[in-house]
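Subject: Structure handover

Hi,

Here is the structure I promised to pass on. Please open it alongside this email, and then read my notes below.

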Amino acid sequence: MEEIEKACAALEAVLFAMGDSVDLERLADAVGQDTETTRKLLHRMMDQYRRKDRGIQLVELENSYQLSTKPEYYEALVKVAKQPKKLVLSDVALETLSIIAYKQPVTKAEIEKIRGVKSDHAINKLIEYNLVTELGRLDAPGKPILFGTTEEFLRSFGVQSLDDLPAMNPVQLADFKAQAEEEAQLKLDI
C-alpha cells in the first residue's frame, strides 16, 4: 500500500509543479509504472479530490491530466489572484471555431468555403486566445496551414475530448445545407 501512496504523491507533485496538463505516458514514466496502472492511480486520485472538503480537482483532457481549482472556489481565488481576462467570442469567431472543431484538421480555404467569407481575423483571434493552433501543412500546392483545436479549447468548453462534442443533428444539417444552396442560387441569379 505504501508504494501506491508514494506513486500518487509523486503524481500529485508533478501535476502541481507543471501547472498545465501532462501526458499520461510522461506521468507513467515519472513514477515508474505502466500507463494502465498510472491511469488507475490518477482515477483513484480523482475520486479523492471529488470530496467536498477539497478545493482542487484532477481533470482529464484527452490523454492528459491536470490539477485545477474547483469552479465553486473561483471567487476566493479571484480575491487573491488578478482576475483573468474573460474571453468573449464574437459570433464570427464562434462559427469559425465550431468549423475547426468539427472538421479538423482543416485549412483556411476550407473554412472560408464553408463560411462564404474571409476568416483571417477570426482565425488569428482564436490562435491568440489559444483555442486553435497550427497542426502542420497540407501536402498540396501552396502547402496550406492545417488548423485544429487545443487543450485550452477542451478546458474552456468543459469537454475531455473531441469525442464529447455534441453530434450534429442530421435534420438541422440538411436544413443548413438547403439554406446555403438557396442563398448561393440567389447570388447566382443576380
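The side chains of Glu-60 and Tyr-65 are joined by a polar contact of 3.3 Å. Keep in mind that this is a predicted model. Glu-60 has a second polar contact, at 3.5 Å, with the side chain of His-43. You will find Glu-60 in strand E2, which covers residues 56-61.

Is Glu-60 buried or exposed? Its relative accessibility is 12%. Buried means under 20%, so Glu-60 counts as buried. Look at what surrounds it. Leaving out residues up to four places away in sequence, Glu-60 touches Arg-39, His-43, Met-46, Tyr-65 and Gln-160.

Next, Thr-150. It sits in the loop between strand E6 (145-149) and helix H8 (151-157). Thr-150 is buried too, because its relative accessible area is 11% and the cut-off is 20%. Which residues does Thr-150 touch, not counting those up to four places away in sequence? They are Asn-130, Leu-131, Val-132 and Thr-133. Now try a distance. Thr-150 and Asp-175 are 25 residues apart in sequence, and their C-alpha atoms are 30 Å apart in space.

Now the helices. Two packed helices are described by the angle between their axes and the distance between those axes.

Start with H1 (residues 2-18) and H2 (residues 24-31). Their axes come within 10 Å and cross at roughly 130 degrees. That angle makes H1 oblique to H2. The crossing is right-handed. On the H1 side, the contact uses Ala-7, Ala-10, Leu-11, Val-14, Leu-15 and Met-18. On the H2 side, it uses Arg-26, Leu-27, Ala-30 and Val-31. How do the residues of this contact divide? Nine are nonpolar, none is polar and one is charged.

Then take H5 (residues 91-103) and H6 (residues 108-115). They pack at an angle of about 120 degrees, with axes 10 Å apart. H5 and H6 are therefore oblique to each other. H5 passes H6 in a right-handed crossing. Val-92, Glu-95, Thr-96, Ile-99, Ile-100 and Lys-103 are the H5 residues in the contact. They meet Ile-111, Ile-114 and Arg-115 in H6. The residues of this contact divide into five nonpolar, one polar and three charged.

Best wishes

Methods: Residues are numbered from 1 along each chain as its sequence is written. This is a predicted model: local features need pLDDT of at least 70, side-chain atom pairs count only at pLDDT 80 or more; totals for chains, interfaces and linings use all residues. Side-chain values use heavy atoms; hydrogens and water are left out. Axes are lines fitted to C-alpha atoms, for helices over the stretch in contact, and angles run from 0 to 180 degrees between N-to-C directions. Helices (H or I, at least four residues) and strands (E, at least two) are DSSP runs, numbered from the N terminus. Angles under 35 degrees count as roughly parallel, over 145 as roughly antiparallel, 65 to 115 as roughly perpendicular and the rest as oblique. A crossing is left-handed if the near helix is turned anticlockwise from the far one by less than a right angle, and right-handed if clockwise. Contact means heavy atoms within 4.5 Å. Ala, Val, Leu, Ile, Met, Phe, Trp, Tyr, Cys and Pro count as nonpolar, Asp, Glu, Lys and Arg as charged, and the others, Gly among them, as polar. Buried means under 20% relative accessible area, exposed over 50%, partly exposed in between (1.4 Å probe, protein chains only). A polar contact is a pair of N or O atoms within 3.5 Å; within protein, one must be able to donate a hydrogen and the other to accept it, and residues adjacent in sequence count only if both atoms are side-chain atoms.
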